[in-house]
Amino acid sequence: MSVLTRDEAQTRAQLLDVHHYTVGLDLTTGDETFESTSLIRFTARAAGDTFVELKPETLHSAVLDGEPLDTTALHDNRLPLTLTEGEHTLRVSTTMRYSRTGEGMHRFTDPTDGETYVYTQLFMEDVQRVFAAFDQPDLKAVFEVSVTAPDGWTVLANGITEQQPDGRWKAAPTPLLSTYFVCVAAGPWHSVRTEHAGLPFGIHCRRSLAPHLDADADEILDVTKACYDRYHEKFDEPYPFDSYDQAFVPEFNAGAMENPGLVTFRDEFVFRSAVTDTERMTRAMVIAHEMAHMWFGDLVTLRWWDDIWLNESFAEYMGFQTVNEACADRFADTWIDFGVTRKSWGYEADQRPSTHPVAPDPDAVPDTASALLNFDGISYAKGASALRQLVAWMGEDDFLAGINIHFKRHKFGNATLADFIDNLAAATDRDVHGWAEQWLRTTGVDTLTPRLEGEGKQWRLTVDRDGSRPHRIRVGVYDRDAAGELVPRERVWADVPQEAPIVLDGPRPALVVLNEDDLTYAKMRFDEVSEEAALRSLSRIPDALTRAVVWNALRDMVRDGELEPAAYLETALAHLGEETELAVVQGVLSFARTQIADRYVPEADRPAALATLTALTRDLLRRTEDGDSPGLRLTAVRTFIDSATTPAKIASWLEDGTVHGGPELDPELRWRILARLAVLGATDEAAIAAELDRDPSATGQEGAARCRAALPTPEAKKAAWSAMFDSDDLSNYLFTATAQGFWQPEQSDLTHPYVARFYPAATALADRRGPAIAEAAGRWAFPSYAIDPDSLALGDHHLTHDAMLPALHRKLVDQLDDLRRALRVRG
């Protein structure tokens with residue numbers, strides 16, 4: 001398949017002005033394929049040759065200005081066009097294939113009730129799987145879409161849809177959109193509709209999830225309305241589309257997609273089991289993130305994919321900041337969760353060989369295949385962190401003024417990094433261009449360390465920097481009181497590099513915390529005295545965000561081999577029982593369980609690590625017996641289950657249908673326990689089948705696949721491997737669930753023969769099934785627990801000698817670097 005290059009896109013954009021698409025889709029022609037027609041009206045500014053993209057099952061006809069084209073000329077995904085100067089019309093008729101991988105037009109049949117749903121995900125270059133298009137972001141056009149759907153279905157689209165007398169659904173014409181924003185979602189949706197600010201708002205899900213959506217409808221819509229109102233306070237340009245629908249769709253690859261007027265979300269955000277307030281806050285943040293895209297991404301769109309960070313970094317920053325402002329009565333400080341979860345994603349990505357600048361050089365993104373690799377922790381979390389530092393440096397008023405200049409100058413058009421920086425610079429006296437070069441064009445993570453010199457009642461604080469970026473940070477200085485508790489002395493601003501040390505009056509501080517408000521993007525270290533105080537008194541630091549900063553510093557120290565994993569676990573055991581911020585508890589337990597216990601401690605020390613986690617979660621369960629902290633208790637129950645080394649306790653919970661003292665077991669907890677029992681060899685196929693009878697939902701199907709793959713028998717591993725790699729029948733979600741169950745640290749002897757088989761199998765699978773499954777294979781099916789030099793050498797050999805899909809290659813580069821880090825930490 002041909003991928004679009006930047007040079008080709010620039011050439012075509014100079015040649016063409018695309019005006020209008022009329023798209024017709026017929027979803028009534030069978031379970032495997034659908035019919036698609038597109039009529040494109042465009043102008044050629046000069047005579048020349050170009051092409052239109054499409055990936056059909058069958059190309060029936062293509063007619064340019066009334067003259068049939070040779071359909072056999074379609075090669076890969078391109079149909080060549082020879083144009084004269086002037087106006088043109090192109091009509092293309094195809095049969096297209098439904099997807100099971102979350103790309104193009106994805107089709108899903110709900111095992112709960114047999115109802116079928118379809119939706120589009122057209123990001124990057126997947127519009128070609130649905131209709132013919134000049135597929136690049138800077139050829140915006142008006143889209144008119146009509147859909148023939150089965151009786152009983154509702155069709156959603158970018159604009160308001162109405163059913164016509166002939167039964168077709170017709171969507172209102174859109175404003176100018178890039179091709180990758182077109183969206184259709186069709187099926188017997190359950191919908192909750194309302195109106196806000198004069199516009200129709202709606203939320204939609206599968207019918208089988210209707211009770212769960214109804215239970216949360218007020219919360220979802222309240223968050224949506226609050227964010228909508230807050231954005232209208234921030235932005236001068238009004239919301240640019242005719243409605244705001246949010247569809248929670250099955251087997252969605254991303255968290256959500258910012259289709260104008262019809263945002264699609266993975267339907268795990270319709271919670272059918274108990275969740276914590278932090279997980280609810282994450283849903284709110286994603287709602288705010290996607291809504292920010294309506295302005296930054298949809299109204300103003302990147303010109304080429306090297307500027308994807310302009311979309312994602314902005315929406316990531318605005319998502320957290322706007323929920324913090326608009327939903328403060330419902331959710332605590334969102335930046336704590338950002339620091340604990342999202343920011344660590346950026347730090348990890350930025351320390352791998354595959355790192356890249358937030359704003360890469362255009363030559364580094366020569367085509368769409370390379371662009372797809374940049375949807376990572378750098379474009380999201382690091383970019384958002386950089387913007388947060390920019391706001392701290394230039395001030396929020398000037399930042400928003402620059403943003404509004406950007407919207408005014410480029411609305412319904414395309415813009416570049418240079419445009420963005422110029423517009424920010426127009427609103428401030430700060431050297432934004434210099435800041436951008438230092439922050440957006442460089443790679444890696446700076447490290448900041450405090451150095452204290454002096455004696456008696458006066459000390460000089462210098463912040464040493466290993467790196468090259470300027471940082472504006474707040475420094476927290478703490479003393480100990482007579483009872484030995486940490487008490488704040490003062491908070492001071494520091495610009496790094498410093499012109500002069502900060503003078504601190506008083507005794508030597510007990511603790512110095514750099515970047516106390518987490519306003520910059522850098523790894524933090526401690527002076528020797530502060531490190532001892534942090535390890536001994538972490539739970540006594542009064543501010544939750546400061547505690548999160550300290551926990552993150554300890555996490556980075558473990559990853560960098562500067563703090564023993566066992567010391568981190570002992571610190572968690574000593575302090576997490578007193579932690580009041582749920583996001584911190586979840587982040588610490590997740591790192592301790594999935595990284596330290598599973599990867600960073602030697603195999604012989606793993607039982608001791610799991611024992612520490614069991615002791616810690618038992619303490620949390622005792623602390624929450626009064627029922628006042630259901631989120632904390634749920635977090636402790638989950639980690640206790642995942643850390644169990646013997647089956648008796650969790651098996652008794654499953655048999656009783658409840659955790660002793662609560663909560664009652666919902667489907668998520670039941671599948672979690674059964675999966676752990678499968679790993680421990682304490683369940684069997686009969687029990688898995690019985691649980692699936694109890695919960696035949698799509699989530700139940702995934703739970704059963706995960707459990708079956710986790711059974712510690714040669715037959716179970718052989719069957720799971722064959723399902724993943726020997727056939728293409730698994731959907732994207734069922735593939736992921738099977739892969740999650742397959743590799744287990746407890747089963748290394750059983751799975752060892754599959755380590756060498758993984759690389760050729762994954763390479764062939766990626767070639768057959770494309771980027772989405774390639775990414776899933778590299779992420780979930782990788783032998784991440786085979787932590788030994790031989791496994792590393794095997795992977796390096798395949799990377800060097802095997803040609804593979806870029807999405808898989810990038811994922812394996814990252815996985816092997818993580819394996820290399822785990823070996824260093826163990827050493």
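1. Gly 476 stands opposite Val 513 in strand E27. E27 (residues 511-513) is joined to strand E24 by three bridges, and the two run antiparallel. Helices (H or I, at least four residues) and strands (E, at least two) are DSSP runs, numbered from the N terminus; two strands pair if DSSP finds at least two bridges between them.

2. A word on the basis of this note. The model is predicted: local features need pLDDT of at least 70 and side-chain atom pairs count only at pLDDT 80 or more, while totals for chains, interfaces and linings use all residues. Residues are numbered from 1 along each chain as its sequence is written, and side-chain values use heavy atoms, with hydrogens and water left out.

3. Over ten bridges, E24 pairs in the antiparallel sense with strand E25 (residues 486-496). Arg 480 has Leu 486 of E25 as its bridge partner. The hairpin of E24 and E25 has five residues between the strands, and in this hairpin Gly 484 takes a positive phi near 85°. E24 is mostly covered, with eight of its ten residues buried. Buried means under 20% relative accessible area, exposed over 50%, and partly exposed in between (1.4 Å probe, protein chains only).

4. Elsewhere, four strands form an open sheet in the order E8-E9-E14-E11, with antiparallel pairing. Strand E8 (104-109) and strand E11 (154-157) are at the edges; each has a single partner strand, so one side of each lacks a neighbour in the sheet. Neighbouring strands of this sheet are turned by 10° against each other on average, direction ignored. Axes here are lines fitted to C-alpha atoms, for helices over the stretch in contact, and angles run from 0 to 180 degrees between N-to-C directions. E11 is joined by four bridges to strand E14 (residues 184-187), and the two run antiparallel. Val 155 has Ala 186 of E14 as its bridge partner.

5. Helix H4 (residues 308-326) has 19 residues, which at 1.5 Å a residue should span 27 Å; its end C-alpha atoms are 26 Å apart, which agrees. The expected span is 1.5 Å times one less than the number of residues. Of the 19 residues of H4, 16 are buried, so the helix is largely enclosed by the rest of the structure.

6. Helix H24 (residues 771-780) has as its buried residues Ala 772, Ile 773, Ala 774, Ala 776, Ala 777 and Gly 778. These pack against helix H22 (732-742), H23 and helix H26 (806-826). Thr 751 lies in helix H23 (residues 748-769) and is buried, with a relative accessible area of 4%. Apart from its neighbours within four places in sequence, Thr 751 is in contact (heavy atoms within 4.5 Å) with Lys 717, Phe 742 and Trp 743.

7. As for the whole, the protein has 26 helices and 28 strands. Its radius of gyration is 27 Å, close to the 28 Å that the globule rule gives for 827 residues, so the protein is as compact as a globular protein of that length. That radius is taken over C-alpha atoms, and the rule is 2.2 Å times the number of residues to the power 0.38. Of the 827 residues, 61% count as buried. Among contacts with a separation of 6 or more, 72% come from residues 24 or more positions apart.
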